[in-house]
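Colleague: I'm new to reading protein models. Could you walk me through a few features?

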Amino acid sequence: MENVSTTALIITLVIMLVVSAYFSGSETGMMTLNRYKLRHLAKNGHRGARRVEKLLRRPDRLISLVLIGNNLVNILASALATIVGMRLYGDAGVAIATGILTFVVLIFAEVLPKTVAALYPEKVAFPSSVLLAPLQIVMMPLVWLLNTITRLLMRMVGIKADGAMSAALSKEELRTIVYESRSLMSRRNQDMLLSVLDLEKVNVDDIMVPRNEIVGININDDWKSIVRQLTHSPHGRIVLYRDSLDDTISMLRLREAYRLMTEKKEFTKEVMLRAADEIYYVPEGTPLNVQLVKFQRNKKKVGLVVDEYGDIKGLITIEDILEEIVGDFTTSMSPSLAEEVMPQNDGSVLIEGSANVRELNKAFNWMLPEEEARTVNGMVLEALEDIPLPDTTVQIGDYAIDILDVQENMIKQVRIRPQQSLKESVGS
């Protein structure tokens with residue numbers, strides 16, 4: 001080493017620092033890559049992405065390779081710096097070289113390359129993989145030895161090396177990704193994706209048409225009345241029953257009924273019943289994501305929701321489920337939420353008793369209880385366990401609910417005052 005000039009040693013030292021910066025930047029770039037974007041690029045034939053993906057299949061080997069290279073280079077640089085320091089400043093050069101080298105390594109071989117790699121991981125990782133891939137093959141014996149020793153030490157302290165974390169995203173993590181991708185998609189598309197993730201949290205009871213609103217035809221009525229109901233029905237399908245919905249017979253498609261009316265010389269009750277379809281029953285409490293698949297598998301578009309005793313609770317269609325994802329898009333005879341609510345200047349809201357509690361929570365960002373009851377009427381009755389008189393006030397959570405109108409044993413209209421509006425009124 002004495003025969004080597006100081007200039008050559010300094011040049012070699014600089015080269016060692018560059019190599020150290022390469023290993024530091026490569027490690028950070030590889031580990032901060034978006035794995036899903038990397039997988040997408042690799043599937044599309046990107047060579048750099050394919051190399052990096054292959055290296056990341058065994059991250060333990062990659063980390064060992066980078067650390068071995070980085071530490072060897074840094075140790076060699078430290079030795080060279082010591083020699084240069086002693087040649088230039090004698091015995092004091094050791095301390096001087098140590099201080100300067102520490103500062104230079106931290107800035108130019110650690111902080112700077114790692115910061116750049118964290119900001120531009122693809123631009124750093126893809127080119128660096130050209131050298132890391134063959135270098136891993138050359139250094140494989142040393143890497144294997146280091147990993148073996150590491151695993152033995154981990155087992156001694158009770159850490160299982162095989163317990164690697166899954167790369168799969170949980171639903172909550174996926175929800176966070178969708179929520180934070182506002183700059184990449186429209187608000188409407190974002191809401192649709194979040195609604196798809198929420199399907200399993202909503203069941204058929206939450207969106208079904210309740211039993212008392214189901215439109216059907218009693219086949220025991222006179223024929224003229226039945227034909228009149230068919231020609232004036234706003235629905236595409238209608239339930240046929242005998243005297244009561246508890247004795248349902250079939251489900252009639254009105255398009256088929258109209259076809260028979262025009263093609264058959266004699267359209268009779270018997271012809272109508274033969275043209276009707278068998279009723280498809282849906283158990284109460286079925287999550288929407290499950291029911292959507294069942295509709296698809298059974299090639300059905302509508303079903304009657306029944307409880308554990310077989311009693312009919314409501315009716316659900318595939319359109320109802322799709323509307324949970326994309327919002328209202330069909331013409332419905334039922335009033336929309338906008339028609340059932342009337343915000344007031346004091347912060348309270350006038351609400352019809354038939355309004356859906358879950359939709360109110362979504363629209364106003366409220367936290368009304370929606371587990372036990374579907375409508376505001378049901379929620380209040382559940383809380384009071386009695387039919388209230390008008391001008392009664394009930395406190396449910398942070399909401400004061402004034403009963404404004406009660407008819408036919410049902411609450412027709414209420415005024416809901418959230419806690420915030422109550423505080424403002426007290427403060428004024």
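Predicted model: local features only at pLDDT ≥ 70, side-chain atom pairs only at ≥ 80, totals over all residues.

Colleague: Let's start with Ser-129. Is Ser-129 buried or exposed?

Modeller: Buried means under 20% relative accessible area, exposed over 50%, and partly exposed in between (1.4 Å probe, protein chains only). Ser-129 has 0% relative accessibility, so it counts as buried. You'll find Ser-129 in helix α6, residues 121-138. Helices (H or I, at least four residues) and strands (E, at least two) are DSSP runs, numbered from the N terminus.

Colleague: And what does Ser-129 touch?

Modeller: Contact means heavy atoms within 4.5 Å. Not counting residues up to four places away in sequence, Ser-129 touches Met-30, Gly-48, Arg-51, Val-52, Leu-55 and Pro-134. Also, a polar atom of the Ser-129 side chain lies 2.6 Å from the backbone oxygen of Phe-126.

Colleague: How do I read two helices that meet, say α2 and α3?

Modeller: Compare their axes, which are lines fitted to C-alpha atoms, for helices over the stretch in contact; angles run from 0 to 180 degrees between N-to-C directions. For α2 (residues 35-43) and α3 (residues 47-56), the axes come within 8 Å and cross at roughly 125°. That makes α2 oblique to α3, since angles under 35 degrees count as roughly parallel, over 145 as roughly antiparallel, 65 to 115 as roughly perpendicular and the rest as oblique.

Colleague: Which residues of α2 and α3 make the contact?

Modeller: From α2 come Arg-35, Leu-38, Arg-39, Leu-41 and Ala-42, and from α3 come Ala-49, Arg-50, Val-52, Glu-53 and Leu-56. By class, that contact of α2 with α3 has six nonpolar, no polar and four charged residues. Here Ala, Val, Leu, Ile, Met, Phe, Trp, Tyr, Cys and Pro count as nonpolar, Asp, Glu, Lys and Arg as charged, and the others, Gly among them, as polar.

Colleague: What about α1 and α5?

Modeller: The axes of α1 (residues 6-31) and α5 (residues 93-119) come within 8 Å and cross at roughly 35°. The contact of α1 with α5 divides into eleven nonpolar, five polar and three charged residues.

Colleague: Can we try a strand residue, Ile-401?

Modeller: Ile-401 lies in strand β11, residues 399-407, and with 0% relative accessibility it counts as buried. Beyond its neighbours within four places in sequence, Ile-401 has contacts including Met-379, Val-380, Thr-392 and Ile-416.

Colleague: Where does Thr-82 sit?

Modeller: Thr-82 is in helix α4, residues 59-89, and is partly exposed at 24% relative accessible area. Leaving out residues up to four places away in sequence, Thr-82 touches Val-94 and Ala-97.

Colleague: Last one: how do I read phi?

Modeller: Most residues other than glycine have a negative phi. Asp-243 has a positive phi, near 65°. Asp-243 is in the loop between β3 (237-242) and β4 (244-253), and is exposed at 57% relative accessibility. Glu-385 also has a positive phi, near 55°. Glu-385 belongs to the loop between α18 (376-384) and β10 (393-396), and is exposed with a relative accessible area of 71%.

Terms used. Residues numbered from 1 in each chain as written. Heavy atoms only, no water. Polar contact = N/O pair within 3.5 Å; in protein donor to acceptor, adjacent residues only side chain to side chain.
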